[in-house]
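Visitor: I'd like to learn how to read the aromatic rings in a protein model. Can you walk me through it?

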Amino acid sequence: MNNTLFPPRPAPVIPVKGMAGFPVARIFCVGRNYAAHAIEMGNEVDREDPFYFTKSAHAVLLSGRDMPYPPRTADLHHEMELVVAIGAEARNIAPAAALGVVLGYACGLDMTRRDLQTQAKEKRRPWDTGKDFENAAIIAAITPKDQLGLLDDLPIRLTVNGAVTQAAILSDMIWSVPEIIADLSTLYTLQPGDLIMTGTPAGVGPVVAGDVLYGTIGGLDPVETRIVRA
């Protein structure tokens, strides 16, 4: 019996193809990892250092479920991303060894209250209210890495109501998956259960209640949701 005032909130669990479920611990998100997206958001493109923000594990919404339009925003945006699932501990790992701690990959949507994020940027405040909220990390089933080949040439694409809004290839990323893992592992000890959302291509934009989002990356399970009124 737990000696707590109330039962601890269980970790969200993401399905893994052919394996047991993946309990989510932390979600790290890479900012401005596609040059065209950085430019469309009015930022300079550089490779000086990647930068990160986080989402709570309890921001996870499983693909296929409806997403209620979140409160205190009038500008909810989609951001289609490759998600990396970590399956082993990593601390100060070299890029050449970084893929050894990857369990698998998934399609994901980093949903953003853009108006709140913009206000935070203007006031030089953290982005938490714009990025970390209920249902803001929509994740499809994870495909184990040994079921995939090389990632670089895989297309990443999102449609909204059947119309293509985002399209690129993973090699367009400024920082590759091994480079991201290696850099993050100098800031945190990565653990099994951690997720990394690796950034979004150009073409982000607003969605409203009734919109249907469908995202694909090569042969990974697609991520999909419908925006509904709360």
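This is a predicted model: local features need pLDDT of at least 70, side-chain atom pairs count only at pLDDT 80 or more; totals for chains, interfaces and linings use all residues.

Visitor: Okay, and what describes a pair of aromatic rings?

Guide: You look at the distance of the centres and the angle of the planes. Here, the count comes to three aromatic pairs. Take phenylalanine 28 and tyrosine 188: their planes are at 45° and their centres 4.7 Å apart, so we call this pair tilted.

Visitor: Where in the chain do phenylalanine 28 and tyrosine 188 sit?

Guide: Phenylalanine 28 is in strand β3, while tyrosine 188 is in the loop between α5 and β15, 160 residues apart.

Visitor: Is phenylalanine 28 buried or exposed?

Guide: Buried, because its relative accessible area is 2%, and under 20% counts as buried. Tyrosine 188 has 34% relative accessibility, so that one counts as partly exposed.

Visitor: Which kind of pair do phenylalanine 51 and tryptophan 127 form?

Guide: That one is edge-to-face, with 90° between the planes and 5.9 Å from centre to centre. Phenylalanine 51 belongs to strand β4 and tryptophan 127 to the loop between α3 and α4, so the pair ties together parts that are 76 residues apart in sequence. Tryptophan 127 counts as buried at 18%, whereas phenylalanine 51, at 28%, is partly exposed.

Visitor: Which rings are linked into a cluster?

Guide: Phe51, Phe53 and Trp127, joined by ring pairs.

Notes. Residues are numbered from 1 along each chain as its sequence is written. Side-chain values use heavy atoms; hydrogens and water are left out. Rings of Phe, Tyr and Trp (its six-membered ring) pair if their centres lie within 6.5 Å; planes under 30 degrees apart count as stacked, over 60 as edge-to-face and the rest as tilted. Helices (H or I, at least four residues) and strands (E, at least two) are DSSP runs, numbered from the N terminus. Buried means under 20% relative accessible area, exposed over 50%, partly exposed in between (1.4 Å probe, protein chains only).
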